[in-house]
Amino acid sequence: MIDREDRKFMRRCIQLAGRGMGNVSPNPMVGSVIVHKGLIIGEGYHRKYGESHAEVNAVKSVYDKSLLKQSTLYVSLEPCAHVGKTPSCAKMIVELGIPKVVVGSIDSYFQVAGKGIEILKSANIEVITGVLEKECLKLNDRFYTYHQKNRPYIILKWAKTLDGFIDYMRDPNEDTKAEWITNELCKTIVHKLRTEEDAFMVGTNTIILDDPQLTARKWAGRNPVRITIDQYCQLDKSYKVFDNQAHTIVFNSVKDENSGNVSYIKVDFSQNIIPQILEVLFELEIQSLVVEGGAKTLESFISMDLWDKALVFTGNQLFIKGVKSPSISCVKSRTTTFGDSTLELFYNNEYI
């Protein structure tokens, strides 16, 4: 039976897990606490891909290890059963003699998927599952989407004016700069997003018109993989996506080639290229993709209903005419105000 104490300690697991955002992919974010007689005596989270899991870090933080045999271990995701870059957490729990384990959600990864719980129960450890399950699933919506749908978690992102335009009508052959629609705080939010998600994608016209760098310069953290589409490999290497500040993938119809920090990947442009791109990103273990523009690229994903979340910024400007903002038929989840700009969040998947 799930009681109030179980929910309280699982909330702490979720809080801890969130600290791994941007550092653990393609692993899930996981938090763990160890409780003895109603008090937390140890806690940890998965800090970085390839390093110790949350349960291991929680155990390490316990000062008096003799208390483990009378304690309960809480963890937001089922303990792993397999040996990969790190040992099996389920087997470690058995070896330590921890008598009770409370789990938030089951791991969908095929090498775990209930096997961790099976190991625990086989050792006569009391196991409770499904505590704050919805919250734990949402925490790792990228991980679950990747493993269950065989594609990255897709986030659409754009900014629009008060009258619904994302840009002026600009000619790629003319040197006209984009008008920044939202404020500096919104720009910082986008740079933070770049440290949290695996990859950012823009279309060819966006590269030509805006020359975006797609790196996190206003927030400390890793840069995402940069993705663009250049059918005939005609983009000039002076564009910022080729500056070697981050790995760049160019989907094209000409060649498969690695050149420094740039990967050229050939796809069939006589067919719909979006499913082909998503298949490649799945194989590359890219779990989340932010599609940042332009309008044509965004509309391609929307028309195929290939998106999970949308971030729509609105600035305090009027363009009167220009490139119309994409539209999505989905109930708005939340609106946040940042000075003279707003951010609307829309969701299109079950992990909400």
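**Core and rings**

Start with Ile227: leaving aside neighbours within four places in sequence, this residue is in contact with Ala199, Phe200, Met201, Val202, Ile249, Phe251, Leu281 and Leu289. Keep in mind that this is a predicted model.

Ile227 belongs to the largest nonpolar core, which has 32 residues. The members that touch the most others are Leu156, Ile227, Phe251, Leu289 and Phe301. Several elements each supply at least two residues of this core, including β6 (153-160), β9 (225-229) and α10 (295-303). The largest share, 6 residues, comes from α9. There is also a second, separate core of 24 residues, and among them are Ala54, Val62, Leu68 and Leu73.

Now the rings. How many aromatic pairs does the structure hold? There are 4.

One of them joins Tyr146 and Phe282, and it is tilted, with 4.6 Å centre to centre and 35 degrees between the planes. Tyr146 sits in helix α6 (residues 141-149) and Phe282 in helix α9, 136 residues apart. Tyr146 has a relative accessible area of 5%, so it counts as buried, whereas Phe282, at 25%, is partly exposed.

Tyr168 and Phe319 form a stacked pair, 4.1 Å centre to centre with 15 degrees between the planes. Tyr168 is in the loop between β7 (165-167) and α7 (184-196), and Phe319 is in the loop between β14 and β15 (323-324), so the pair ties together parts 151 residues apart in sequence.

Last, two charges over rings. Arg194 lies over the face of Phe200, 5.5 Å from the ring centre. The charged end of Lys255 sits over the ring of Tyr264, at 4.3 Å from its centre.

Note on methods. Residues are numbered from 1 along each chain as its sequence is written. This is a predicted model: local features need pLDDT of at least 70, side-chain atom pairs count only at pLDDT 80 or more; totals for chains, interfaces and linings use all residues. Side-chain values use heavy atoms; hydrogens and water are left out. A nonpolar core is a set of buried Ala, Val, Leu, Ile, Met, Phe, Trp, Tyr and Cys residues joined through side-chain atoms within 4.5 Å. Buried means under 20% relative accessible area, exposed over 50%, partly exposed in between (1.4 Å probe, protein chains only). Helices (H or I, at least four residues) and strands (E, at least two) are DSSP runs, numbered from the N terminus. Contact means heavy atoms within 4.5 Å. Rings of Phe, Tyr and Trp (its six-membered ring) pair if their centres lie within 6.5 Å; planes under 30 degrees apart count as stacked, over 60 as edge-to-face and the rest as tilted. A charge sits over a ring if NZ of Lys or CZ of Arg is within 6 Å of the ring centre and within 35 degrees of the ring normal.
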